[in-house]
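Please read it alongside the sequence and the model.

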Amino acid sequence: MYARFLSAPDSDGTFDYFSNVLTLLQYTQIDSADIHAAINWKFGEPMDRRMLKIRALVYHEITHFLDLHTTFWGRQYVVRKLNFAQSLARDLLDVDDRLAVFAVETGEIDIHKELIVEGTLPPTACQRLTHQLQYEEKFGVVLIINYCNGDTIHHQVPLSTLSLLEAHATANEFLCILEYAATTSDPVDAAIINRETRESFDDLLDDVSRIEYSVLLNLARIHFPDLGLKSLMAMISTLARFALDANFIRIGIIANRIEETFSNLRLGHFLSMELRRNSQRALIFFKTVLFMYEWKELLCPADKYIYLALVESDPHAAMVEMWVKYKGMDIEDFGDSFEFLFEKSLEGLGKYQTTLCDAMLAAENFQNRKIIGNRPIGSIALPSLKLIDMVLHDGTIVKTPNSINLDIEAYFNINMNLFSRMERQYREYRGTRIHMPPDTIEYFLS
């Protein structure tokens, strides 16, 4: 089994943000034929529950892979990782500084359990979510989401990049199942699949141990109760990708709109400043859901019906409409005029002196970025995407339909010592996450 270095803890599968290894933990070599059949499924063919479960897990984990290599968030993460890895491998004097910068990214994925307050009431019994801002010396300004029943707070969850990444992956996991149910010729089986998927979704929302993973799913569910589960998952996937892929120009405009909505002006300003520095992207998702809810509730019944229909048919267009008509942004803010920035960043990745494969994977994923566009990943056929091969629990390698040419076993063995050093340095890092404390006297920052 391949070691896990930096990944969200899960019992079914994992994507490692250090090594890029994608592992299906519940399967071994004896399952490889079933896994191959599941990932090579063709439209119109029947699928049993085992195949559906495998495909759902694969979609969950490839979403993490695609987030890392096809979004502006991922590009910043990779650059900071390569800076750290290069300094560490060459024993340069700036390794601690590089680690501190990289820790800004890893700190947003790694779980800050000390900020979570877990109650006993099932989370879905809390029909009201509130939020507050608080300053933590270790993390900076944090938005805390409260699960309320009446005036009593039963759970508290910090808004984090982990929440955003897991909401995106989970939405695509459920969506791929619901897409199959919508296309099967057996209406009885489709109804059963839809019911079972709804039950699985409700179980996830009520799993207190996974509440940081599901908090944004719950946020969207509460504010858009009229949406069917398939439409809700498509909306969540689309909004998550929008938050992860916003370029710095768009982020600056969005941060201005968000900052003016905080009742705590002082902490709200500094949290918005974090967003302007390309951190706290989960805040974009969080506020977009709230703004879309406010916008639809302001509409007359007829226009509200039309808007909800747009959310169902084209969630990206519905999101843009809200930002333009409700929050005063320009339609040009959502164009692709700054796409060249992503292409340009590919050139810079090749300069790093490291044996890590991230620069190669960035180039291989450039076409994936075009294929995904504004669509939810869970609705895209696996063979159309270039993906890395997957590893099973016993080390067996399963090739993907449109496989990237990377020998996972050889790559991992060559870099295992570097991965171990990276993890050890990161785990031993005791510095606070780089941030601007709220008592900072601001001046020009380069």
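A nonpolar core is a set of buried Ala, Val, Leu, Ile, Met, Phe, Trp, Tyr and Cys residues joined through side-chain atoms within 4.5 Å, where buried means under 20% relative accessible area (1.4 Å probe, protein chains only). The model is predicted: local features need pLDDT of at least 70, side-chain atom pairs count only at pLDDT 80 or more, and totals for chains, interfaces and linings use all residues. Residues are numbered from 1 along each chain as its sequence is written, and side-chain values use heavy atoms, with hydrogens and water left out.

**Core**
- The largest nonpolar core has 137 residues.
- Ile-62, Leu-232, Met-233, Phe-285, Met-292 and Trp-323 have the most contacts inside this core.
- Trp-323 is in contact (heavy atoms within 4.5 Å) with residues including Phe-242, Ile-254, Arg-257 and Phe-334, leaving aside neighbours within four places in sequence.

**Helices H8 and H13**
- Helices here are DSSP runs (H or I, at least four residues) numbered from the N terminus.
- The axes of H8 (residues 229-245) and H13 (residues 315-325) come within 9 Å and cross at roughly 60 degrees.
- Axes are lines fitted to C-alpha atoms over the stretch in contact, with angles from 0 to 180 degrees between N-to-C directions.
- H8 contributes Ala-234, Met-235, Thr-238, Leu-239 and Phe-242 to the contact, and H13 contributes Pro-315, His-316, Met-319 and Trp-323.

**Arg-369**
- Arg-369 lies in helix H16 (residues 366-372).
- Arg-369 is buried, at a relative accessible area of 8%.
- Not counting residues up to four places away in sequence, Arg-369 touches Thr-70, Thr-71, Phe-72, Arg-241, Asp-245, Glu-339 and Phe-342.

Definitions and conventions. Helices (H or I, at least four residues) and strands (E, at least two) are DSSP runs, numbered from the N terminus. Buried means under 20% relative accessible area, exposed over 50%, partly exposed in between (1.4 Å probe, protein chains only).
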